[in-house]
Amino acid sequence: MGDIADDKPVLYSYWRSSCSWRVRIALNLKEIPYDIKAVSLIKGGGEQHCNEYREVNPMEQVPSLVIDGHTLIESLSIMHYLEETRPQRPLMPQDCFKRAKVREICEIIASSIQPLQNLIVLIYVGEDKKKEWAQHWIMRGFRAIEKLLSTCAGKYCVGDEITLADCCLVPQVFNARRFHVDLRPFPIILRIDRELENHPAFRAAHPSSQPDCPPEVAK
Ligand SMILES: O=C(O)/C=C\C(=O)CC(=O)CC(=O)O
């Protein structure tokens with residue numbers, strides 16, 4: 001048996017969770033092999049709430065990553081850990097201003113969009129209002145991101161290299177489509193999403209490529 005640090009990382013993930021998806025993209029881009037432990041967010045009221053998983057993640061959410069003998073939670077924190085410990089294929093720019101832009105975009109998605117259209121919030125909002133609610137918060141955040149991108153985007157969100165901002169953006173665009181948001185007012189977001197849809201690291205991280213994707217949905 002090798003050192004704990006040699007063990008393959010384990011990602012607790014759900015196929016359609018945008019936060020799990022962000023981390024899958026980062027792991028793939030950095031070419032870090034990992035195993036997936038699927039956690040169904042819907043089966044039996046959600047496996048994330050069972051006692052065993054609460055020990056892994058006290059927030060009862062995915063993702064969690066077991067790596068280097070540690071258990072890490074919260075997708076942005078996990079991605080920064082990967083960036084700091086695995087410098088290959090950097091996902092943050094060198095330039096401090098560009099780094100700030102990457103963090104801005106990540107934070108808008110991770111704090112001001114995704115949590116508001118998360119399953120637990122939508123259950124609380126109720127079936128009648130949930131689509132309008134999700135659309136409202138996604139459009140609000142996308143308006144801000146589109147404006148930021150008009151000054152900082154190159155081929156990707158910040159310049160011409162893929163960064164953590166792109167890892168966050170692509171899954172959020174999927175969610176926007178899921179809630180039937182009209183994306184025509186966001187041409188830069190759409191262009192970047194199209195640019196990345198066929199990238200191997202992004203394709204492999206896509207919900208339809210996941211082991212727990214229902215067969216009727218998988219491509
Ligand atoms: O309907 C389901 O399949 C259950 C959960 C999700 O998709 C995940 C979310 O709550 C949205 C998200 O990750 O942004």
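Student: Which residues have the most contacts inside the largest nonpolar core?

Tutor: Those are I105, F142, I145, L149 and L169, in a core of 56 residues. A nonpolar core here is a set of buried Ala, Val, Leu, Ile, Met, Phe, Trp, Tyr and Cys residues joined through side-chain atoms within 4.5 Å. Buried means under 20% relative accessible area, exposed over 50% and partly exposed in between, with a 1.4 Å probe and protein chains only. Keep in mind that this is a predicted model: local features need pLDDT of at least 70, side-chain atom pairs count only at pLDDT 80 or more, and totals for chains, interfaces and linings use all residues. Residues are numbered from 1 along each chain as its sequence is written, and side-chain values use heavy atoms, with hydrogens and water left out.

Student: Which helix gives the largest share of that core?

Tutor: α7, with 8 residues. Helices are DSSP runs of H or I with at least four residues, strands are E runs of at least two, and both are numbered from the N terminus. The core also draws at least three residues from each of domain 1 (10-88) and domain 2 (96-203); those bounds come from an automatic or database domain assignment.

Student: And what is I105 in contact with?

Tutor: Leaving aside neighbours within four places in sequence, I105 is in contact with I145, L148, L149, C152, C157, V158 and A165. Contact means heavy atoms within 4.5 Å.

Student: OK, switching to the ligand. Which residues are around it?

Tutor: With a heavy atom within 4 Å as the cut-off, the list is Y14, R16, S17, S18, L41, I42, Q114, Q117, N118, L119, N175 and R178. A polar side-chain atom of R178 lies 2.6 Å from a ligand oxygen. For the side chain of Q114, an N or O atom is 2.8 Å from an oxygen of the ligand, and for N118 that distance is 2.9 Å.

Student: How much of the ligand does the protein bury?

Tutor: 94% of the 370 Å² that the ligand exposes when taken alone. Those areas come from the Shrake-Rupley method with a 1.4 Å probe.

Student: Q117 was on your list. Is Q117 buried or exposed?

Tutor: Buried, because its relative accessibility is 4%. Q117 lies in the loop between α4 and α5 (119-125), and its contacts beyond four places in sequence are L122, A134, I138, Q172, N175 and F179.

Student: Last one: where is A153?

Tutor: In the loop between α6 and α7. A153 is partly exposed, at 25% relative accessible area. A153 and I192 are 39 residues apart in sequence and 8.8 Å apart in space, C-alpha to C-alpha.

Methods. A polar contact is a pair of N or O atoms within 3.5 Å; within protein, one must be able to donate a hydrogen and the other to accept it, and residues adjacent in sequence count only if both atoms are side-chain atoms.
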